[in-house]
Amino acid sequence: MPQAVSDLKKLGQRFLQFIQTKKPEDFGLIVRVESVIPLTKDQQSKLIKILSQKLKTKVTIENQVNKAIIGGIRIKYQDKLIDVSIKTKLDRLEESLLNE
Amino acid sequence: MSETTSQLSSQFKRGIAKLKKDVKLESAGRIEEVGDGIAIVSGLSDVMYNELLKFPQKTIGVALNLNPDTTGVVILGKSRHLKQGDIVRGTGRLLNVPVGENFTGRIIDPLGRPLDGQSKPEAKEFYPSERIAPGVITREPVNTPLQTGIKAIDSIIPIGRGQRELIIGDRSTGKSSVAITTIINQKDTNVVSIYVIIGQKASFVSRLASIFDHFGVLDKTIIVAATASSSPALQYLAPYAGCALGEYFAYNGKDALIVYDDLSKHAWAYRELSLLLRRPSGREAYPGDIFYLHARLLERAVKLNKKNGGGSLTALPIIETQAGDISAYIPTNVISITDGQIYLEPDLFNAGVRPAINVGTSVSRVGSSAQIKAMKQVAGKLRLEIAQYRELAAFAQFSSDLDPQTQSQLERGVRITEILKQGWDEPTPVENQVVIIWAATNGYLDNIKQEDIKNWETKFLDFLEISHPDILPTIKKEKIISDKLEKQLQQTVDTFNSINISMMVEKQEEE
């Protein structure tokens, strides 16, 4: 038991050391990108380049496959959303046609 | 055929062209919990109170609880398809409702969607559902009458344009009927009526529409319906949506009348929402802001001054009491907010006094400033006679032997009660009311048989129209009973009574 406790303590110290060497910027912003088929490495790096320029921070991409969006992509970070999926476009089209 | 196809395709092209520009940064959240028409949403860090939120599949919601990490949202409409993890988009707009002239003659739900099977009414503008009531500077005192066509109300408890008069009573005492008669009586006026239905039967909505249609007032009436089967969120929203419609007319210099039927059920719907949103509950499990809920709604009734167009919004809220208990929480709240109340009693209703208005407990705090001069001339005496009659009637129950003066006072009281009776479907024009009340208070009905009073009223008005066709229009135009007119009236009544001996009490003949 005491062994386990001291291990935990060590782990905690290591973690703190790790945290202290890093600045918040280094973690970057985690951006979730939904697409119908997985994004290629090339596409991902392009997206990272554009997004990090726009958002002025380091960006990490997390790709999720979502068949429901039909096509295009949906970019989510924090509580922001850039939705250029076909599904949403169709929904908007339907809405605007019904309102006319 | 080909024309419609080309029209359709051009519509599609326009729609698609619009979409191309439509890439923007949106505020988004995620459903954490959903159920009972309520969703708890995370994210949405810059959401506003009362902001319109978009859920998947064209479902919309309103942010009502703003907590540090989550937002409590009420969903307007169906919520079955929503699930945890769904995206919720902020719109950056407060909840607003479509308004405009095109809504008259229609039955709509609180979000302006048609319920009468016709096409969507075109909105002139969008008004916020919640709006701060007009300030002191823009208002003026209530000075124009809103004729209800009900003798007991127009004479004793007059309602002015811009006033808030509560209609209160037990179930089935004719509360809605008072409001319906009032709307029917607006047929020849420029008043636009809005009837807000909260938590009532759906059959009532269709009956209401057919009644208005039958009396030819549907084309200047809007029915906003959130029936018992609507979600509590829609029921909560209904009066505010109706009020926004009324404000559109009032702010454009017109006169509008709005009926909230009824606010007890509105309070129940709000209690339900508040409990589901886990807001702390207070007395009778109502949330702490239940008073403000109704105060902010009724404060939006207004009489604007000339500088601001001179429009008005008159509110007739309805409250249903349980077993005549007007000291319950919601009734006392609304009584204290409004400018008076019309109290309907089941005992009177069952005794055949319809409308079952208790003239003793009913008041109008605006008073006689909302009456035409002619009505003021006759109403003062009417009030006095009724007060004396009520006092004597209570006393007379115990004694069998009464002196002739008391006897005659009682007789007159009975006749006055009789003339104040009228069917819900027969609103009386104000000039006719004035003449009838004048005749009753001046003793011209004292010798008429009690069961013939009603008959006398209709026959006399017919007689008056034939023998002196100018009297009623003169009262309507000049709004006063001049000495000359009174003499004419006296002569006419005497002539009429001498012709119609059969209506007279027989005892009188023997003497």
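1. Two residues are in contact if their C-beta atoms, placed from the backbone, lie within 7 Å. This is a predicted model, and in it the contact between the chains takes 18 residues from chain B and 14 residues from chain A. On the side of chain B that touches chain A, the elements giving two or more residues are α1 (2-20), β1 (25-35) and β6 (87-94) of chain B. Sorted by class, this side of chain B has seven nonpolar, six polar and five charged residues.

2. Strand pairing also links the two chains. Strand β4 (residues 80-85) of chain A runs antiparallel to β1(B), and three bridges join them. Within this pairing, Leu81(A) has Glu26(B) of β1(B) as its bridge partner.

3. Chain B is divided into three parts: domain 1 (26-93), domain 2 (98-371) and domain 3 (374-510). Between the C-alpha centres of domain 1 of chain B and domain 3 of chain B the distance is 62 Å.

4. Next, strand β5 (residues 70-76) of chain B. A residue is called buried if 20 or more other C-beta atoms lie within 10 Å of its own. Six of the seven residues of β5(B) are buried, so the strand is largely enclosed by the rest of the structure.

5. Which strands pair with β5(B)? One of them is strand β2 (residues 38-43) of chain B, which pairs with β5(B) in the antiparallel sense over five bridges. Here Ser42(B) has Thr70(B) in β5(B) as its bridge partner. Another is strand β4 (residues 60-66) of chain B, which is antiparallel to β5(B) and joined to it by six bridges. Opposite Asn65(B) stands Gly72(B) in β5(B). With three residues between them, β4(B) and β5(B) form a hairpin.

6. The last point concerns a pair of helices. Two packed helices are described by the angle between their axes and the distance between the axes. For helix α7 (residues 290-298) of chain B and helix α8 (residues 329-337) of chain B, the angle is about 35° and the axes are 10 Å apart. The crossing of α7(B) past α8(B) is right-handed. From α7(B), the contact is made by Ile290(B), Phe291(B), His294(B), Ala295(B) and Leu298(B), and from α8(B) by Asn333(B), Val334(B) and Ile337(B). Of the residues in this contact of α7(B) with α8(B), six are nonpolar, two are polar and none is charged.

Terms used. Residues are numbered from 1 along each chain as its sequence is written. Chains are lettered from A and ligands numbered from 1 in the order in which they are written. This is a predicted model: local features need pLDDT of at least 70, side-chain atom pairs count only at pLDDT 80 or more; totals for chains, interfaces and linings use all residues. A residue is buried if 20 or more other C-beta atoms lie within 10 Å of its own, exposed if 12 or fewer, and partly exposed in between; C-beta atoms are placed from the backbone. Helices (H or I, at least four residues) and strands (E, at least two) are DSSP runs, numbered from the N terminus. Two strands pair if DSSP finds at least two bridges between them. Axes are lines fitted to C-alpha atoms, for helices over the stretch in contact, and angles run from 0 to 180 degrees between N-to-C directions. A crossing is left-handed if the near helix is turned anticlockwise from the far one by less than a right angle, and right-handed if clockwise. Ala, Val, Leu, Ile, Met, Phe, Trp, Tyr, Cys and Pro count as nonpolar, Asp, Glu, Lys and Arg as charged, and the others, Gly among them, as polar. Domain bounds come from an automatic or database domain assignment.
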